[in-house]
Amino acid sequence: MDHQPKFFENLSGTGKAIGVLTSGGDAQGMNAAVRAVVRMGIYVKAKVYFVYEGYQGMVDGGDNIVEVSWESVSSILQVGGTVIGSARCKSFRTREGRLQAAYNLVQRGITNLCVIGGDGSLTGANLFREEWSGLLEELAQKGKIDEEAVKKYAYLNIVGMVGSIDNDFCGTDMTIGTDSALHRIIEVVDAIMTTAQSHQRTFVLEVMGRHCGYLALVSALACGADWVFIPEYPPEEGWEDSMCVKLSENRARKKRLNIIIVAEGAIDCHNKPITSEKVKDLVVQRLGFDTRVTILGHVQRGGTPSAFDRILASRMGVEAVLALLEATPATPACVVSLSGNQAVRLPLMECVQMTQEVQKAMDEGRFVEAVRLRGRSFENNLNTYKLLSHKKPDAELPKTNFNVAVLNVGAPAAGMNAAVRAAVRVGITEGHKMFAVIDGFEGFARGKIKEISWGDVGGWTGQGGSILGTKRTLPAKYLEKIADQMRTNNINALMVIGGFEAYESCLQLQEARSRFEEFCVPICVLPATISNNVPGTDFSIGADTALNAIVETCDRIKQSASGTKRRVFIIETMGGYCGYLANMGALAAGADAAYIFEEQFDIRELQANVEHLTEKMKTSIQRGLVLRNENCNENYTTDFIYQLYSEEGKGVFDCRKNVLGHMQQGGAPSPFDRNFGTKISAKAMQWISKKLKETYRKEEGKVFANTDDSVCLLGMRRRNLVFQPVAELKTETDFVHRIPKEQWWLKLRPLMKILAKYKTSYDVSDSGQLEHVAMHSPKEAETGAI
């Protein structure tokens with residue numbers, strides 16, 4: 001859709017005052033949201049106030065409500081929890097309490113509130129807004145404020161952001177803090193796995209989620225747990241027997257450990273609680289396995305926010321300020337949230353009502369309905385988990401007589417193994433014979449191909465790199481040999497997991513179809529590269545893990561810089577010509593600038609950046625951080641920029657440089673990459689099965705697929721997962737620089753500049769429309785979202 005860009009320059013906050021508070025349970029990333037609200041607020045010339053200790057501070061007033069400056073939110077981006085405090089507040093639940101809170105806000109002229117919290121906090125905010133004019137009337141009658149104040153501050157605008165590690169709020173795919181909580185859980189599970197394997201133990205892990213099983217479900221998906229208990233999907237009658245059978249079968253298959261994940265609110269189908277102790281006793285009594293319980297507790301709320309949460313919270317914070325500036329007395333209170341990769345605004349009460357509907361459905365035993373109300377992302381997770389965790393007995397599996405091969409191409413990316421595991425297991429469930437190709441197309445040409453079973457891929461989700469081995473070699477020079485191997489092994493479909501090379505390889509195979517009939521089979525590409533430079537998708541498997549590695553290093557470097565004072569660090573990131581890692585890393589680490597190939601820069605801009613840092617050194621924030629993509633400019637190298645900054649900054653700041661290198665490719669995959677890889681791979685395998693059925697020619701007894709739509713790339717576009725023919729993606733690709741011609745994240749570039757105090761223009765055409773919470777049909781869960 002071609003729209004005229006709409007810029008927010010004409011939205012002025014002059015004369016407006018915004019209060020920001022965090023309420024309810026804390027969540028990592030709340031500080032990033034607070035920082036974004038404060039800086040965006042000040043940027044649009046509004047006054048911004050901290051309200052300390054949540055609603056309690058609003059009721060108590062005094063020093064709890066303070067005007068803040070740009071520097072007040074420096075260095076909080078990487079801190080977990082909330083620096084402005086949060087408290088449960090009884091008095092705000094009474095009208096007297098709210099009357100006092102209204103008085104305290106009017107005294108300071110605050111009529112815009114940004115509330116970061118869970119559904120309870122947001123419901124409270126909405127009630128306050130509805131009562132506002134009545135409260136002001138009452139204050140006027142009591143003589144506390146004059147009639148002019150009643151008129152001047154007649155309306156209260158409210159925007160909510162959901163900060164909750166449970167991800168229990170309907171209408172948003174991810175709440176602030178969920179991804180970080182998953183990081184904590186997965187760190188623990190990975191650590192426990194090594195000790196469990198040493199002793200052949202069973203571990204029962206209890207994770208948070210009193211009313212919502214999201215954390216339990218996704219961590220079970222991400223670590224390949226043997227069994228998971230969640231409140232929305234209680235096990236069927238007789239689950240004790242089936243669980244014990246599954247555990248002993250796994251042991252019989254030489255699996256040395258069992259992991260069972262229990263959400264703290266898990267129940268059986270009679271609404272009776274299932275506790276971790278109960279599960280442990282059951283395993284010990286029935287199977288005699290050495291079993292231990294680990295309750296994760298508040299560890300999940302702690303620690304530093306992940307890159308995903310920092311970016312999410314920063315985007316939401318800026319969006320919240322825009323929503324407040326555009327709010328009128330007629331617009332309902334809204335929450336800013338995430339749908340797929342799109343920031344959206346939804347009416348606050350619609351979301352709250354739907355969230356309460358889930359609880360009601362669970363209380364009344366309508367569990368299928370509860371899962372559907374949770375939203376398509378939750379439903380997708382559950383369906384994928386069910387597909388991958390339980391192997392049906394061979395006798396029950398369909399037999400299709402199709403052979404499907406899986407291979408990795410390009411550089412290694414964390415999450416590739418999770419994708420291979422999902423492909424193999426879904427393929428076997430669908431009745432195919434699965435083959436693994438070792439070392440990419442080079443290995444394929446040499447005949448390095450073997451059948452792979454369900455058990456062979458056990459424990460793969462948490463492994464970094466590529467277990468199958470991967471090479472950058474493209475198939476063009478081995479076409480004949482590869483065709484031979486496909487014929488010898490009777491391969492009827494290919495799944496290629498990798499980066500730009502994987503996409504190019506499939507284009508080559510498609511072009512070679514006229515010469516080699518062997519390539520006339522369904523082929524699916526799954527984007528997996530840390531650079532996130534594959535056309536047709538917003539995200540690639542592996543990019544989130546790399547981003548977290550960059551952000552973690554930047555945090556440490558910033559700490560070292562604040563210790564020495566007046567120091568600027570220049571950090572070089574990978575990514576080829578794609579600036580995704582540099583730009584998003586800069587946004588998540590709170591950098592001052594990021595140099596990328598997509599946005600050409602010259603010496604004047606470098607000069608402006610140096611001057612900007614010189615100004616910054618005069619304030620209380622005496623450190624700088626600059627990221628540079630490795631190929632952003634062939635002449636302005638990292639060394640050149642380092643020397644320029646050193647020379648120009650003489651006497652004001654000194655400089656250090658750091659090239660991050662291959663540490664960005666390594667490490668255990670992040671929860672996001674494990675989950676994303678698993679889900680898109682399962683979906684791709686189902687697509688392959690469908691295509692195999694469509695293209696099978698009975699009379700000849702073979703598969704023949706020759707159309708463009710039989711070679712597809714599965715990518716995430718805005719809100720949906722879409723299969724796109726690689727031939728159609730050619731027009732969207734810059735093959736010289738190996739990047740897509742249009743990249744969504746460039747729209748977030750001004751965000752990074754605004755938060756680093758640069759004047760810039762920000763296109764807000766995408767935001768601003770209030771949508772309604774869509775109830776999706778069960779069909780939609782299969783087609784779209786992550």
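Visitor: In which sense do strand β10 and β11 pair, and over how many bridges?

Guide: Start with the general idea. Strands of a sheet pair through backbone hydrogen bonds, either parallel or antiparallel. Now the case in this predicted model. Strand β10 (residues 334-339) and β11 pair in the antiparallel sense, over six bridges. For one of the partners, take leucine 338: its bridge partner in β11 is alanine 343.

Visitor: Which helix packs on the sheet there, touching β10 and β11?

Guide: Helix α11, residues 348-363. Its direction makes about 85 degrees with that of β11. Helix α4 (residues 119-141) lies across β4 (112-117), β5 (157-162) and β10. α4 runs at about 175 degrees to β5.

Visitor: What is the strand order of the open sheet that holds β10 and β11?

Guide: Read it as β3-β2-β1-β4-β5-β10-β11. That is seven strands, with mixed pairing. The edge strands are β3 (65-67) and β11 (342-347), and each pairs on one side only. Neighbouring strands of this sheet are turned by 25 degrees against each other on average, direction ignored.

Visitor: What is the order of the open sheet of four strands?

Guide: β7-β8-β6-β9, with parallel pairing. Its edges are β7 (227-229) and β9 (291-295). Each has a single partner strand, so one side of each is left without a neighbour in the sheet. The twist averages 15 degrees from one strand to the next.

Visitor: Which residue stands opposite tryptophan 227 in β8?

Guide: Isoleucine 260. β7 and strand β8 (residues 258-263) pair in the parallel sense, over three bridges.

Visitor: Which strands does helix α7 touch?

Guide: β6 (202-207), β7 and β8. Helix α7 covers residues 214-223, and its direction makes about 165 degrees with that of β8. Helix α8 (residues 239-252) lies across β6, β7 and β8. α8 runs at about 150 degrees to β7.

Visitor: Let us move to β20. Are its residues buried or exposed?

Guide: Strand β20 (residues 623-629) is mostly covered, with seven of its seven residues buried. Look at the two directions. Arg623, Leu625, Leu627 and Asn629 point one way. Gly624, Val626 and Arg628 point the other way.

Visitor: Which strands pair with β20?

Guide: Strand β18 (residues 567-573) pairs with β20 in the parallel sense, over seven bridges. There, arginine 567 stands opposite arginine 623. Strand β19 (residues 593-595) also runs parallel to β20, joined by three bridges. Alanine 593 has valine 626 of β20 as its bridge partner. To get from β19 to β20, the chain passes through helix α20 (residues 603-617), and this β-α-β crossover is right-handed.

Visitor: Why do the buried residues of α20 line one face of the helix?

Guide: The general idea is helix geometry. An α-helix has 3.6 residues a turn, so residues three or four places apart point the same way. In α20, the buried residues are Leu606, Asn609, Val610, His612, Leu613, Lys616 and Met617. Seen down the axis of α20, these buried residues fall within an arc of 160 degrees, so they line one face. What covers them includes β18, β19, β20 and α21 (638-648).

Visitor: What span should a helix of 20 residues such as α10 have?

Guide: At 1.5 Å a residue, helix α10 (residues 307-326) should span 28 Å. Its end C-alpha atoms are 29 Å apart, which agrees. α10 is mostly covered, with 19 of its 20 residues buried. Now α20: its 15 residues reach 21 Å from first C-alpha to last, close to the 21 Å expected.

Visitor: Last topic: phi. Which residue has a positive phi of about 65 degrees although it is not a glycine?

Guide: The general idea comes before the case. Most residues other than glycine have a negative phi, and most peptide bonds are trans. Asparagine 401 is the residue you want. Find asparagine 401 in the loop between α13 (376-389) and β12 (403-409). Asparagine 401 is exposed, with a relative accessible area of 66%.

Visitor: Where does glutamine 200 lie?

Guide: In the loop between α6 (178-199) and β6. Phi of glutamine 200 is near 55 degrees, a positive value in a residue other than glycine. At 36% relative accessibility, glutamine 200 counts as partly exposed.

Note on methods. Residues are numbered from 1 along each chain as its sequence is written. This is a predicted model: local features need pLDDT of at least 70, side-chain atom pairs count only at pLDDT 80 or more; totals for chains, interfaces and linings use all residues. Side-chain values use heavy atoms; hydrogens and water are left out. Buried means under 20% relative accessible area, exposed over 50%, partly exposed in between (1.4 Å probe, protein chains only). Helices (H or I, at least four residues) and strands (E, at least two) are DSSP runs, numbered from the N terminus. Two strands pair if DSSP finds at least two bridges between them. A crossover is right-handed if, with the strands pointing away from the viewer, the path from the first strand over the helix to the second runs clockwise. The expected span of a helix is 1.5 Å times one less than its number of residues. The arc is that of the directions from the helix axis to the C-beta atoms. Contact means heavy atoms within 4.5 Å. Axes are lines fitted to C-alpha atoms, for helices over the stretch in contact, and angles run from 0 to 180 degrees between N-to-C directions.
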